[in-house]
Amino acid sequence: MNRPSFVYVTYIATTPEKLWTALTDGKFTQEYWGGRVVESDWKPGSPVFFRTTNGAPDLVRAKVIEIEPPSRLVMSWTHEIAPGEPLPPASRVTFEIDRAGPVNVKLTVVHEEFEPGSEVNEGLRNGWPAILSSLKSLLETGEALDISKRWAKAGN
């Protein structure tokens with residue numbers, strides 16, 4: 001059975017190193033990822049935590065599969081749909097960072113290996129564009145998008 005994939009490409013006026021830091025440092029993720037602070041030791045096999053600062057439970061379950069700073073990060077990924085319900089099968093998220101000239105980078109995010117028609121499919125198609133647009137805004141203007149701030153207040 002073919003499993004769907006989601007691909008998102010954006011160009012950001014920043015350096016690969018700054019983008020890498022924004023993806024892997026909780027001080028940055030908190031700004032654009034709906035208040036979530038990412039934590040890991042960033043070694044293959046290590047868990048990646050997405051902690052909320054408002055006390056809401058951490059619903060994402062991720063693990064580092066592959067890491068090549070500042071150009072590639074691959075994680076297994078699952079998300080608790082509702083507290084106490086069984087986790088969906090893990091999917092895979094890949095972040096590829098490539099130079100796109102002297103002052104720009106190309107960020108490609110591929111989320112794959114999830115079940116067709118699943119709630120994961122619907123959620124990521126709404127979530128990734130908002131998160132990555134907010135990341136781009138933060139790096140280029142110093143300010144994340146308002147949607148990230150609203151998610152943080154709502155505890156999403």
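Predicted model: local features only at pLDDT ≥ 70, side-chain atom pairs only at ≥ 80, totals over all residues.
Residues are numbered from 1 along each chain as its sequence is written, and side-chain values use heavy atoms, with hydrogens and water left out.

Helices (H or I, at least four residues) and strands (E, at least two) were taken as DSSP runs and numbered from the N terminus. Seven strands form an open sheet with antiparallel pairing, in the order β1-β7-β6-β5-β4-β3-β2. The edge strands, β1 and β2 (36–39), each pair on one side only. The twist averages 25° from one strand to the next; axes are lines fitted to C-alpha atoms, for helices over the stretch in contact, and angles run from 0 to 180 degrees between N-to-C directions. Two strands were taken to pair if DSSP finds at least two bridges between them. Strands of a sheet pair through backbone hydrogen bonds, either parallel or antiparallel.

Strand β1 and strand β7 run antiparallel and are joined by eight bridges. Valine 7, which lies in strand β1 (residues 5–12), stands opposite valine 110 in β7. Strand β5 (residues 72–79) and strand β6 (residues 91–99) are also antiparallel, with six bridges between them. In that pairing, serine 76 is placed opposite arginine 92 in β6. Helix α1 (residues 16–24) packs on the sheet and touches β1, β2, β4 (60–68), β5, β6 and β7 (105–112); the direction of the helix makes about 155° with that of β6. Contact means heavy atoms within 4.5 Å.

Threonine 14 is found in the loop between β1 and α1. With a relative accessible area of 8%, threonine 14 is buried; the classes are buried under 20% relative accessible area, exposed over 50% and partly exposed in between (1.4 Å probe, protein chains only). Apart from neighbours within four places in sequence, threonine 14 contacts Leu19, Val103, Asn104, Val105 and Leu139.

Six salt bridges are present in the structure, a salt bridge being a side-chain nitrogen of Lys or Arg within 4 Å of a carboxyl oxygen of Asp or Glu. Side chains of opposite charge can pair when their charged atoms come close. Glutamate 39 is bridged to arginine 51, with the closest N and O atoms 2.6 Å apart. This pair links distant parts of the chain, since glutamate 39 lies in strand β2 and arginine 51 in strand β3 (residues 47–52), twelve residues apart. Glutamate 39 is partly exposed at 34% relative accessible area, and arginine 51 is likewise partly exposed at 35%.

A further salt bridge joins arginine 72 and glutamate 96, whose closest N and O atoms are 2.0 Å apart. Here too distant parts of the chain are linked: arginine 72 is in strand β5 and glutamate 96 in strand β6, 24 residues apart. Glutamate 96 counts as partly exposed at 24% relative accessibility.

Glutamate 140 forms a salt bridge with lysine 136, the closest N and O atoms lying 3.0 Å apart. Because the two residues are four apart in helix α3 (residues 119–141), about one helical turn separates them. Glutamate 140 is partly exposed at 36% relative accessibility, as is lysine 136 at 24%. Elsewhere, salt bridges that share partners join Glu66, Arg72 and Glu96 into one network.

Proline 69 and proline 70 are joined by a cis peptide bond with omega of about -5°, and proline 70 lies in the loop between β4 and β5. Tryptophan 42, in the loop between β2 and β3, has a positive phi of about 55° although it is not a glycine. Tryptophan 42 counts as buried, at 16% relative accessibility.
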